[in-house]
Amino acid sequence: MAECNHDCASCQSKCSEATSLLAPQNAGSNVKHVVSGKGGVGKSLVTGLMATLLKRRGYATAVLDADITGPSIPRMFGVHEKAMGCDEGILPAESKTGVKLMSINLLLEHDTDPVVWRGALIAGTVKQFWTDVLWGDVDFMFVDMPPGT
């Protein structure tokens, strides 16, 4: 098999026949950059600060809170109202400064209710935050990961 040079027009490795593990964005989303990293090292704080800083600099920003069992992003931004939905998908909540947010506690009856899910259920929820949320135009999306990932 030929080595892939990431130029699909001239590549002979038949990557197009491989199954992609990437899930497509929701049709109502246009996310340009995604920033993420290992959790458990103060990343929630850095995530919130970076999203706010870039928003102040004129970029459209969003935070996808992938820490399903310990979500903190909405509280950090002072957001307590529930996420709403429409026929096209879930509408993210928005901070007072205009940062779009999606977190499991925006979907729970009480935002402090514990979530004791594991494995595939968590992964499926995070994937749905990407595929089912109508993010709209976003220049920078920050993904807040749980500790140890």
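## Strand β7 and its neighbours

Strand β1 (residues 29-35) and β7 run parallel, joined by six bridges; strands here are DSSP runs of E with at least two residues, helices are runs of H or I with at least four, and both are numbered from the N terminus. Two strands pair if DSSP finds at least two bridges between them. Within β7, F140 stands opposite H33. β2 also runs parallel to β7, through five bridges, and there A62 has M141 as its bridge partner.

This is a predicted model, with pLDDT of at least 70 needed for local features and 80 or more for side-chain atom pairs, while totals for chains, interfaces and linings use all residues. Residues are numbered from 1 along each chain as its sequence is written, and side-chain values use heavy atoms, leaving out hydrogens and water.

Eight of the nine residues of β7 are buried, so the strand is largely enclosed by the rest of the structure. Buried means under 20% relative accessible area, exposed over 50% and partly exposed in between, with a 1.4 Å probe and protein chains only.

## Helix α1

The 14 residues of α1 reach 20 Å from first C-alpha to last, close to the 20 Å expected at 1.5 Å a residue (1.5 Å times one less than the number of residues). Its buried residues, including K43, T47 and L54, pack against β2, α2 (73-76) and β7. After α1 comes G58, with a positive phi near 100°.

Which way do the rings of Y59 and F140 meet? Their centres are 5.2 Å apart and their planes at 85°, so the pair is edge-to-face. Rings of Phe, Tyr and Trp (its six-membered ring) pair with centres within 6.5 Å; planes under 30 degrees apart are stacked, over 60 edge-to-face and the rest tilted. Y59, in the loop between α1 and β2, is 81 residues from F140 in β7. At 37% relative accessibility, Y59 is partly exposed.

Notes. Contact means heavy atoms within 4.5 Å.
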